[in-house]
Amino acid sequence: MTMADFDLDRRTPAGALQTVDRALLVLLAFERTRPDWGVTEVAEEFGWDTSVAQRLLATLAGRGFLVSDPVTRRYRIGPAVLRLGRLWERSGSLELLAGPVLEELCRVTGDTVLFCLPDNFHMRCVAAEEGVAGPLRYYPLVGELYPAHAGATSKSYYAYLPDEQRHRLFRGRPMARFTDRTVTDPDRLEEEFLKVRAQGYAWTVGEYDTGIATVAVPVFLGREPYGSLSLGGAEELFAGAPHDRLEALRHAAQLLEKRLTHPPQRPKPRTRRPRTDR
């Protein structure tokens, strides 16, 4: 797999520093399916001289953004990226980017909207918009943890993990039963995960909260599952099926993915032309 498989514009934006832009492109080249790079591979991937690739990789390693294996001389993501990633999720920037998408989806559907990220064996709500029918909880939704095995919000994310990773998470782990519809058998859960992945969305009724229906889709960064976007409300509001909401939900997930990978730019101030006497 190469960077050509992803929607990434390699052109340096007008007015940007080329060296900085190239360093950022190198960082964006690292994926779960491509966790390490060599100097020659980077040079060939981007069409740069080997010396340029070497200096960029060495500079990023010097600041902790990459680490170099002294034996293979291949580079991997370093601890500085982890630090920034944790800061990013807790800085409020994520909510600022997601907020407009959630607000519009709530306006279109009238349902409560949740954007959640994985947190150990749970999904943690990082942004939410209350539906017109009233709050689902009598306490803030943001910060709430949803169990990995119960409800569409979680299943839409965990279904897209690599099979081996998902098996390690769910096999041999005790799972709580929240309602009479909560599935706790690992084999049945795996069947449901495969169904979610095949149809592209998760749909549950009363698995976590009695009488609450939820439909959810995964949110991706590149090809990596990042979180989930879900709509929830009283079971009777969904008329037994989620199909009339799927188009709006999927469209919102695509907008969210775009904002997460290409944040909207502030508009440039308009330059006033000097007035001329007529």
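1. In this predicted model, the lining of the largest cavity comprises eight nonpolar, seven polar and three charged residues. The volume of this cavity is about 210 Å³. Its lining consists of 18 residues, and those closest to the centre are Tyr-146, Tyr-208, Asp-209, Ile-212 and Thr-214.

2. Two elements, helix H6 (152-158) and strand S7 (212-221), each contribute at least two residues to the lining of the largest cavity. Helix H6 gives the most, with three residues. As to how many cavities there are, a search of the whole structure returns three of 30 Å³ or more.

3. The second largest pocket has a volume of about 160 Å³. Its lining is formed by Lys-155, Glu-192, Lys-195, Val-196, Gln-199, Tyr-201, Ala-202, Trp-203, Thr-204 and Glu-207. Helix H8 (186-199) and strand S6 (202-205) are the elements that give two or more residues to this lining.

4. Helix H8 provides the largest share of the lining of the second largest pocket, namely four residues. Sorted by class, the lining of this pocket holds four nonpolar, two polar and four charged residues.

5. Helix H8 also packs against helix H7 (residues 163-170): the two axes come within 11 Å and cross at roughly 145°. The crossing of H7 and H8 is right-handed. On the H7 side, the contact is made by Asp-163, Arg-166, His-167 and Phe-170, and on the H8 side by Pro-186, Leu-189, Glu-190, Phe-193, Leu-194 and Arg-197. The contact between H7 and H8 has five nonpolar, one polar and four charged residues.

6. A further helix pair is formed by H1 (residues 18-28) and H3 (residues 50-62), whose axes come within 10 Å and cross at roughly 75°. Angles of 65 to 115 degrees count as roughly perpendicular, and H1 and H3 are therefore roughly perpendicular to each other.

7. Which residues make the contact of H1 with H3? Helix H1 contributes Thr-19, Arg-22, Ala-23, Val-26 and Leu-27, while helix H3 contributes Val-52, Leu-56, Leu-57 and Leu-60. By class, the contact of H1 with H3 has seven nonpolar residues, one polar residue and one charged residue.

Conventions
Residues numbered from 1 in each chain as written. Predicted model: local features only at pLDDT ≥ 70, side-chain atom pairs only at ≥ 80, totals over all residues. Heavy atoms only, no water. 1 Å grid on protein atoms, 1.4 Å probe; cavity = no way out; pocket = protein on both sides within 12 Å on 5 of 7 lines; lining within 4 Å. Points joined across faces, edges and corners; volume = space filled by probe spheres on them. Nonpolar A, V, L, I, M, F, W, Y, C, P; charged D, E, K, R; others polar. Axes fitted to C-alpha atoms, helices over the stretch in contact; angles between N-to-C directions. Left-handed = near helix turned anticlockwise from the far one by under 90°. Contact = heavy atoms within 4.5 Å. Parallel < 35°, antiparallel > 145°, perpendicular 65-115°, else oblique.
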